[in-house]
Amino acid sequence: MVRISTTIYLIDHYANNLNSPMHKASTLSRLMSAIVVLGITIFTNSALALVAEFLIILTFIAAAKLPISRLLSWALYPAFFASLFALSQIPYSLVLPIITIFKAINAALVMLFLISTTPYPELFSILSIPSKTLGNIAFLTYRFFFLFIDQTGERFTVMKARGGLAGSWKTKITNLAHFIGMLFITSFETSESMYAAMKTRGYSGSISHHKKLRQKFGKQDLMPVAFVLCILAIMVVSTFFKAWRVFM
Amino acid sequence: MREIVKVNCIKHRYADATEVSVCGLSFVIHEGERVAILGANGSGKTTMLLHILGILEPTEGEITVFGEPPTKSSLHGKVAMVFQNVDEQIIGPTVWDDIAFSPLNYGHKPDEVKNMVDEMIRELEIQHLTNRVPHYLSGGEKKKVAIAGAVVTHPKLLILDEALTGLDTRSQMETIELLNRLNKKRGMAIAITTHESRIIPRVADVVYVISEGGIIFRGTPLELFQKPEVFRKAGLEPSPLIELLKTLKNQGFEVEVSDDLEEAKRQILKLCKIDSS
Amino acid sequence: MHIHIPDGVLPLWLWILGYAIVIVFLFAAVRKVRGEEKRGVYAATMAAIMLVAMSIPLGVPYHINLTVLTGIILGPWWALISTFVTNLILATFGHGGITIVGLNTIITWFESLVGFYIFKTLQKAFARKSWRFAMASGVSTFTALMLSTILVISIVAASGINPAEVIHHHNNGDGETQMSLTVFAALTFPIALVGAVIEAAVTSLILVYVKKVKPTLIPGWYA
């Protein structure tokens, strides 16, 4: 059981169990800084600025005690798809592909930086602002994911050990489908049990998180602010540099 | 003592046409009483508890909880349950949020909720778990959190479905101590299902034994231990200690059959005329 | 199917439009499903199952989505909420850009919707026999996925970007490096076809299994 499940598991671990100045910042400041930097990344068209931004992001990732190589490996997934687009740009310019690839990597790294320092429930409480239902479903999805992934991992191992993936393609697909069918049924039974337990505790459609977004800004928010300022500084410098080149 | 739960021969038919019945003797829980429900797997223990909670409705039979047929709204705050698989019960993003889940749902104000939850955390001595994420806790820690979440609203009855199964001995003892403390301090009735006879003397004033769709025994733990045949009929094995003391008693020795090891040691040493102190 | 295009590639107006459309429908969905607590739990269950199922290795470079199954089990409105949450979570770690969540939700919801309505129609006609039930499941899934492929191609066409970024393709020739939409469609369809066949087979096998083991999970509107 690889990739997506492992990724979510690790991200959750980094967000909940690590301790750094970024982790201590308020949810709102982390989120706002990610949105601002993401916006800057998407609208920047300077290769030099994007490369410099990449290095700044890596620096802040390291400062947040996150594993750079792991986050970079996750960012390679969108980078791969960006590179397909970038390949077609090569005949026109050598700079365009760099811009395309670094936009994709930087945007992915910013999101990963946010989500590895902010537990999912804190982010889902944003969804609760426009709609309690959405926030609720997002949170339940997160909770169920961890319940199901443990059950599924064990059963998948058992299926492999019993030769479930050893036969012909037809056998493999049939066994996988039955496995997924069983995952489907046991997952629903688990969530029904959970619903029964929730009802006995008075559940009426809403789950609250006491670490809400209404946190006061303070000293703890220096890190996200510094992050934004560094990125902005790069963009300002690159703009002046461009203007200077044009002038000269 | 006031009766708070009474169950008379209930039958339930599940969606897949399986029928479960719990008949025989009546099942009664009094205020402040500690009740153990002993029975083999599939005997109907959990089904009966789900009826008491109002989650299932009987197709036949009579059940009253606090004088009324149980529906979820009438039981709000009065009855709480700790399920066998606590993973399915813990819902909050953090331990604090999970304990706050019920009070918030029942309409308590935020300040009240904070006081209730903080008091609960202090009482259960789980301050170190307050901001932890539930899926990273150990089995024993999750059990404590589940109990905290269940009793935070000071229910009159706490039901535990095989809640001690799967815990190591130390965690089991800690949980039992906690339950007894809550029972003494709050007068909260406790009903616990189990198939382990050795914990019964520690957690129960009254024991019910369920077998093949019927309640076949109602009495004190001591009365139960005098009847190993009841265990066998229920598909359970009496503990070796019970068997030993029963054999000694049948041989004419002056012993009382009990599953309490310390008491058994004292009696056997007395028989051997050895001063156990 | 969903688009794996990262952030910064699609034009601003397109992804904002994607978000705008999804937000409007989400608000409608939230109003429609008010009070359906238990089905909300099912929606979260399906979203979690979709995330878990995507992790199951099939031995080919394809992951199952279960979007049509989501539509069949949950119905249109909860399927929208469920697929939106799934896409959002996927985007947080680079499985599709965060700016593309709106468009991806439109595509995955489209699959759920089409699958739901085709299955509902076919089920009425072919309710009794097990093999017909399997056929209904397979046909609805296959059709929904092929139609969503057309949707993806339309989105790529509307964006004005070079379609080469969506698929595995190396263009070594001189001259023309902008792949025409026709060529792009000709390359995409076979891949989509294989994926649709796998997903159709898996979905119908799951539904037949569920019908046998726990038929109460399949909603009553098919009876």
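The structure is a predicted model, and every value below was computed from it. Chain A contains 10 helices and zero strands, and 58 of its residues are in contact with 55 residues of chain C. In chain B, the pair α5(B) and α6(B) is roughly parallel, while the pair α3(B) and α4(B) is oblique.

**Chain A as a whole**

- Reading from the N terminus, the elements of chain A follow the order α-α-α-α-α-α-α-α-α-α, in keeping with its count of 10 helices and zero strands.
- The C-alpha trace of chain A spans about 70 × 50 × 30 Å when it is laid out along its principal axes.
- Of the 248 residues in chain A, 46% are buried.
- Among the contacts in chain A that have a separation of 6 or more, 78% are between residues 24 or more positions apart.

**Where chain A touches chain C**

- The contact brings together 58 residues of chain A and 55 residues of chain C.
- On the chain A side, at least two residues each are supplied by α1 (4–17), α3 (27–43), α5 (68–87), α6 (95–115), α8 (132–161) and α9 (169–200).
- The largest share of this side comes from α9(A), which contributes 15 residues.
- Sorted by class, the side of chain A that touches chain C has 39 nonpolar, 16 polar and three charged residues.

**Helices α5 and α6 of chain B**

- The axes of α5 (residues 139–151) and α6 (residues 169–186) of chain B come within 10 Å and cross at roughly 15 degrees; because angles under 35 degrees count as roughly parallel, α5(B) is roughly parallel to α6(B).
- The crossing in which α5(B) passes α6(B) is right-handed.
- From α5(B), the contact uses B:Gly140, B:Lys143, B:Ile147 and B:Val151, and from α6(B) it uses B:Ser171, B:Thr175, B:Leu178 and B:Leu182.
- The residues of this contact divide into four nonpolar, three polar and one charged.

**Helices α3 and α4 of chain B**

- The axes of α3 (residues 95–105) and α4 (residues 110–124) of chain B come within 9 Å and cross at roughly 130 degrees, and α3(B) and α4(B) are therefore oblique to each other.
- The crossing of α3(B) with α4(B) is right-handed.
- In α3(B), the residues B:Trp96, B:Ile99, B:Ala100, B:Pro103 and B:Leu104 meet B:Glu112, B:Val113, B:Met116, B:Val117, B:Met120 and B:Ile121 in α4(B).
- By class, this contact has 10 nonpolar, no polar and one charged residues.

Notes. Residues numbered from 1 in each chain as written. Chains lettered and ligands numbered in written order. Predicted model: local features only at pLDDT ≥ 70, side-chain atom pairs only at ≥ 80, totals over all residues. Axes fitted to C-alpha atoms, helices over the stretch in contact; angles between N-to-C directions. Helix = DSSP H or I, 4+ residues; strand = E, 2+ residues; numbered from the N terminus. Parallel < 35°, antiparallel > 145°, perpendicular 65-115°, else oblique. Left-handed = near helix turned anticlockwise from the far one by under 90°. Contact = placed C-beta atoms within 7 Å. Nonpolar A, V, L, I, M, F, W, Y, C, P; charged D, E, K, R; others polar. Buried ≥ 20, exposed ≤ 12 C-beta atoms within 10 Å, placed from the backbone.
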